[in-house]
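Hi there,

Here is the structure I promised to pass on to you. Have a look at it first, and then read my notes below.

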Amino acid sequence: MRRSYTKPSPLDKANRGGVDWELRPGGMLVQKRSGHCGVGPAAQTIKVLVSQGSYLHEVTVPPQATFGELKRIVAKPSGLGMCEQRILFQGKERQNNEFLHIVGVKDASKVVLMEDPASRERKMENIRRDHGRTKASEAVARVRAEVDKLSEKVSILESSMRGDKRIPEKEITVLSELLMVQLLKLDSIEADGEAKAQRRIEVRRVQSHVERLDMLKAINANPFNKTDRSMNRFDLATKWDTFGS
């Protein structure tokens, strides 16, 4: 009686030698990959040293990551957004879609991080603009303090006129000139945004004080009798109170 016999496959023959083999598609016989027998598994992550000026950042990334992914990881420790970064490796700037392992980045490899010049220029421009706004606001504040003092003097003159007291015209003229000096200072301040709005408010304040002094000068020089002058002062005081409200 004949016994059935199955012819051994090439894979069975190869495995008898004590080495594990595997059959790849297409019939190719290769040694089976394993984490044992002295063959270690592929590294899961690598450490990359990122040099940024005098700072050195150590980050951990997958070896198959792209430079774009590296930029995303480096963004927090470096303080630079992805669009603000330029990364150089081996003296060449690398693009976001390039892979680390393809260009030769290995564990403990060092790359250089630089800030994009256009981004740096935009930041400097913003700093200069903010500094200019601060200086403009401070200049307007100094003028405001001077106008407050002059405003008190205008109010004193008004009170004197209501008390039927004649004011030397020189006092009114000097006060008007001092207000015009402050107006010239305001015109020389280059401002935008909030500082510009503050300057516009102070310009209107100065102009209103000058107009009040002009009215005082006209009443002070009025040759009418005392009764007429008192009536004019009463009408003027009413107008000023309405303007102030």
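The accessible surface of the protein chain is about 16,900 Å², and carbon and sulfur atoms account for 54% of that (areas come from the Shrake-Rupley method with a 1.4 Å probe; for residues, only the protein chains shown count as cover). Please keep in mind that this is a predicted model, where local features need pLDDT of at least 70, side-chain atom pairs count only at pLDDT 80 or more, and totals for chains, interfaces and linings use all residues. Residues are numbered from 1 along each chain as its sequence is written, and side-chain values use heavy atoms, with hydrogens and water left out.

The protein chain has seven helices and seven strands (DSSP runs numbered from the N terminus, H or I of at least four residues for helices and E of at least two for strands). Of its 245 residues, 30% are buried (buried is under 20% relative accessible area, exposed over 50%, partly exposed in between, with a 1.4 Å probe and protein chains only).

Now to helix H2, residues 67–78. Its buried residues are Phe67, Gly68, Leu70, Lys71, Val74 and Ser78. Seen down the axis of H2, they fall within an arc of 140°, so they line one face of the helix (the arc is that of the directions from the helix axis to the C-beta atoms). An α-helix has 3.6 residues a turn, so residues three or four places apart point the same way. On the face of H2 turned away from the buried side you will find the exposed Arg72 and Lys76. The buried residues of H2 pack against strands E3, E4, E5 and E7 and helix H3. Just after H2, Gly79 has a positive phi of about 80°.

Finally, strand E5 covers residues 85–89, with Gln85, Ile87 and Phe89 on its covered face and Arg86 and Leu88 on the uncovered one. E5 runs antiparallel to E7, joined by four bridges, and antiparallel to E6, joined by two (strands pair if DSSP finds at least two bridges between them). Gln85 has Glu115 as its bridge partner in E7, while Leu88 stands opposite Glu93 in E6.

Enjoy exploring!

Key
Contact = heavy atoms within 4.5 Å.
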